[in-house]
Amino acid sequence: MHINRIELRKVFLPYVAPFETSGWREQGSHAIIVRMEAEDIVAWGESPVGENPFYNEENQKTAWTILQDYLAPMLLKTELASPWDVTPAFARVRGNRMAKAGLEFTVWDLFARAHSAAWPACSAARERRAEVGVSVGIQQDIPTLLKVVGAYLDDGYTRIKLKIKPGWDVAPTRAVRETWPDLRLQVDANSIYRLEDGPHLAELDPFNLLLVEQPLAHDDIFDHAKLKPRLRSPLCLDESIVSPDHARWAIELQACDIINIKPSRIGGLGDAVKIHDMAQAAGMAVWHGGMLETGIGRTINVALASLPNFTLPGDISANDRYFKRDIVQNPFTLNADSTLTVPTGIGHGAIVDEDYLDEVTLDRWEISA
Ligand code: SMG
Ligand code: MG
């Protein structure tokens, strides 16, 4: 298949409430939306980059530049036999995986539409539903946190993740655990601690957590391997796992008990599926993370999260947890069992609301073959 045209849009889509982690606070999505045309087919994808390079090294401006100067022109010159050809075609460009993922996702959508099929990479999906929870940002105080968590539980979510940082870790986790003794609960530090903080992190052990996510540096695997035996809580890696090789290193070094898979962090759906399969073969579970995607990226995540080795609920809440209005006409709603239903339509299944997309578009760029 040959791609005729690629269009990029910078968007800003406000969140219903600001989202705060150990290192930054965002008021809305600064994603890049991709539209592609080939042989009369139109496909859509998303690079869920942030406003600042605080989660990983990318942000909306860097992805915009790399997509325009390198990735989009390279893709137009590539004859694609399948979506699996995209990642190797981008290999000369180091890193910049979220930028790459935006194009790779779109090519999967393109091929699926060309074959009038749903997402091929996820055709092995075990179930038509993916179990999901909510990631709760850092709040101003514990009473506010309990109110926010309570509201999500009232909405029907049955798993909660708390963002933690020094000064906002043991006490809020204890408060949530004491209020809801049976709640499935986990925490995420977004790389804020050091190996020396091991004894402090072990203070989370009594709270029966599903996992402690990425306590140490964003690019570390080695120190996590040292930390793991010092904690009773299962240790999860997010930022550190950016490729199938990184997953293999973490598995071989026993640096974690579980891997958070975000296809955008890994550069695309193909490598995400490879990590899923590798972890499964090694007897290690995975679960699906989130980058507060718009409705386009969200549909990709829901399909992937229905693969069999995703054994814990994903950070893939229904669209209204993020946005008052999303850029799709078919937002997800939460099922009574805290799941989202995997779309069964052609391609990834998101129906783009082009009028609203126009309203939230800050900039556009296109390139043709
Ligand atoms: O998509 O619901 C979501 C948010 C999940 O907490 C979440 N993501 O490190 O796992 C993570 C963070 C990164 C957020 S970057 C804005
Ligand atoms: Mg994380």
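How many residues surround ligand 1, and which are the closest? In this predicted model, 16 residues surround the ligand. The closest are Ser 135, Asn 190, Gly 290, Leu 292 and Tyr 322. Tyr 322 also belongs to an aromatic cluster, with Tyr 15 and Phe 323.

**Ligand 1**
- The side chain of Tyr 322 places an N or O atom 2.6 Å from an oxygen atom of ligand 1.
- For Asp 188, the distance from a side-chain N or O atom to a ligand oxygen is 3.0 Å.
- Asp 238 has a polar side-chain atom 3.1 Å from an oxygen atom of ligand 1.
- On its own, ligand 1 has 440 Å² of accessible area, and the protein covers 98% of that.

**Aromatic pairs**
- The whole structure contains five aromatic pairs.
- One of them joins Tyr 152 and Tyr 157 edge-to-face, with 6.3 Å between centres and 80° between planes. Both tyrosines are buried.
- Tyr 322 and Phe 323 are a tilted pair, because their planes meet at 40°, with ring centres 6.0 Å apart.
- Tyr 322 is buried at 5% relative accessibility. Phe 323 is buried too, at 2%.

**Nonpolar cores**
- The largest nonpolar core has 66 residues. Val 149, Ile 160, Leu 162, Leu 204, Ile 259 and Ile 261 have the most contacts inside it.
- Domain 1 (5-116 + 350-368) and domain 2 (120-341) each supply at least three residues to this core.
- Beyond its neighbours within four places in sequence, Ile 259 contacts residues including Cys 236, Ile 241, Met 284 and Trp 287.
- A second, separate core has 34 residues, among them Ile 6, Phe 90, Ala 99 and Met 291.

Notes
Residues numbered from 1 in each chain as written. Chains lettered and ligands numbered in written order. Predicted model: local features only at pLDDT ≥ 70, side-chain atom pairs only at ≥ 80, totals over all residues. Heavy atoms only, no water. Core = buried A, V, L, I, M, F, W, Y, C linked by side-chain atoms within 4.5 Å. Buried < 20%, exposed > 50% of the residue type's maximum accessible area, 1.4 Å probe, protein only. Domains from an automatic or database assignment. Contact = heavy atoms within 4.5 Å. Near = heavy atom within 4 Å. Polar contact = N/O pair within 3.5 Å; in protein donor to acceptor, adjacent residues only side chain to side chain. Areas by Shrake-Rupley, 256 points an atom, 1.4 Å probe, with all protein chains shown as cover. Phe/Tyr/Trp six-rings, centres within 6.5 Å; stacked < 30°, edge-to-face > 60°.
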